[in-house]
Amino acid sequence: MEIFLIKLAQLILALSILILLHEGGHFFFAKLFGVRVEKFYMFFDWKFSLFKYKPKNSDTEYGIGWIPLGGYCKISGMIDESFDTEQMKRPAQPWEFRTKPAWQRLLIMIGGVLVNFLLALFIYSMILFYWGDTYIPVKDMTLGMKFNQEAKSYGFKDGDILIGTEKSAFKEFSANLYRDISEAKRVDIIRDGKPMSITLPGELNMLNMIKADPAFVRPLMPAVVDSVLPGTPAAQIGMQKGDKILALNGAPIDSYNEFTDQLGRRMDLLLTAKTAADSLKARTVVLVFGNDARTDTTTVTLTPELKLGFAIQSLADLYKPTTVEYGFFESFPAGIKYGLGVLSSYVDDLKYVFTAEGAKSLGGFGTIGNLFPAEWDWFVFWKMTAFLSIILAFMNILPIPALDGGHVLFLLYEMITRRKPSEEFMIRAEYVGFGIVLLLLIVANLNDILRSLGIM
């Protein structure tokens with residue numbers, strides 16, 4: 001429960017910052033051009049609000065709604081998610097959105113997206129200034145990688161050290177590495193101390209590479225015990241720091257990756273178990289482990305989660321991380337470059353959304369919340385907030401009615417043709433766009449529910 005609350009608190013704080021500043025962008029330009037803002041709300045206040053306040057001599061009511069799905073800035077004389085059609089039937093007033101020049105209305109509409117985009121670049125810059133850029137270069141992972149059968153069919157072998165592609169060298173092990181390999185026609189590696197290259201088709205499916213079980217490529221981790229948890233099966237069979245896992249149920253274990261793969265196969269058996277005896281059978285394994293002085297073979301019953309109860313060294317323990325530090329002014333171009341790279345990668349990956357597997361990968365608030373760590377970590381928090389700000393900016397500028405991008409599309413049409421879409425058309429478009437957004441929210445959050453139930 002504590003972990004859930006910590007993740008929830010981080011999610012709410014991040015979304016609150018992003019929503020406030022997004023709506024603040026609309027608010028700023030509206031006030032700049034003399035447009036009246038009737039409501040400025042964090043979250044939606046359908047039927048009632050948790051808090052509201054209207055300063056004396058102010059036209060704006062500030063408040064907090066009870067539906068945490070976003071927020072809104074109700075601008076006079078504008079067809080928006082409030083669907084206030086009565087206002088549009090009255091004569092236009094000089095303080096209304098609809099009476100302003102198209103270029104001013106355009107700036108008001110892109111104000112939120114602009115603020116979110118600039119915020120993301122600023123946060124990335126400050127992260128680089130305060131924490132620097134710490135990573136483990138892929139070329140320094142001298143134990144190499146562990147590959148699945150698909151990767152091996154292209155010529156990769158366990159232990160290969162990845163260097164780069166025909167486009168650029170690999171930086172760190174992340175989603176970008178998968179992306180680079182998926183688009184590469186040549187991957188440069190070091191095998192047994194000798195440089196060589198692997199030829200690829202240049203159009204692999206990155207989503208399938210990541211979601212494959214086991215994944216296309218992972219850092220090879222030694223199956224060497226670093227610590228044993230007391231009271232666990234590992235402690236009961238006398239496992240010690242420095243022991244190496246040699247075999248599981250007769251299958252040789254060459255790495256911790258292989259060990260977890262074998263346990264994954266046991267999990268398949270456990271999930272199909274119909275009786276307690278079947279479950280016990282799936283959890284019982286024959287383990288061979290030891291060190292230079294001894295080798296033990298024993299039968300052990302794993303925990304219900306198929307855990308043995310030992311830990312191995314992390315990547316940061318195996319390899320020395322590299323840290324690049326930035327001065328205050330240096331951090332801004334670096335942060336802008338980093339943010340643009342994140343945006344480019346996100347846009348590039350959207351093509352997978354239109355596949356069956358990609359649709360299943362859509363996630364709602366549960367998925368977003370799980371991106372935050374179980375312990376409060378300001379570095380991860382700000383990095384996630386910047387990432388969400390980039391996503392919010394991009395998603396809002398999509399040409400979908402009810403989103404900022406839909407309004408921008410109609411404004412551009414007006415500026416080019418000198419013809420304004422009818423109010424009836426705008427209202428219908430708003431309903432259609434709102435329906436599309438609502439449908440996407442339902443699908444994304446339904447996916448979260450199905451995943452939590454183990455159905456998907």
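**Surface, sheet and a loop residue**

The protein chain has an accessible surface of about 24600 Å², and 63% of that belongs to carbon and sulfur atoms. Bear in mind that this is a predicted model.

Me: In the open sheet of three strands, which strands stand at the edges, and why is one side of each left without a neighbour?
Reply: The order is β5-β6-β7, with antiparallel pairing.

Me: Which residue in β6 is the bridge partner of isoleucine 161?
Reply: Good one to look up in the structure. β5 runs antiparallel to β6 (residues 186–191), and four bridges join the two. Within β6, the partner of isoleucine 161 is isoleucine 190.

Me: Which residues is isoleucine 312 in contact with, leaving aside its neighbours within four places in sequence?
Reply: Isoleucine 312 sits in the loop between β14 (310–311) and α10 (315–318). Contact here asks for heavy atoms within 4.5 Å. With those sequence neighbours set aside, the contacts of isoleucine 312 are Met221, Pro222, Val224, Asp226 and Tyr256.

Me: How far apart are the mean positions of the positive and negative charges of the protein chain?
Reply: Lys and Arg count as positive, Asp and Glu as negative. That gives 46 positive and 48 negative charges, and their mean positions lie apart by 4 Å.

Terms used:
Residues numbered from 1 in each chain as written. Predicted model: local features only at pLDDT ≥ 70, side-chain atom pairs only at ≥ 80, totals over all residues. Heavy atoms only, no water. Pairing = 2+ DSSP bridges. Areas by Shrake-Rupley, 256 points an atom, 1.4 Å probe, with all protein chains shown as cover. Charge placed at Lys NZ, Arg CZ, Asp CG, Glu CD.
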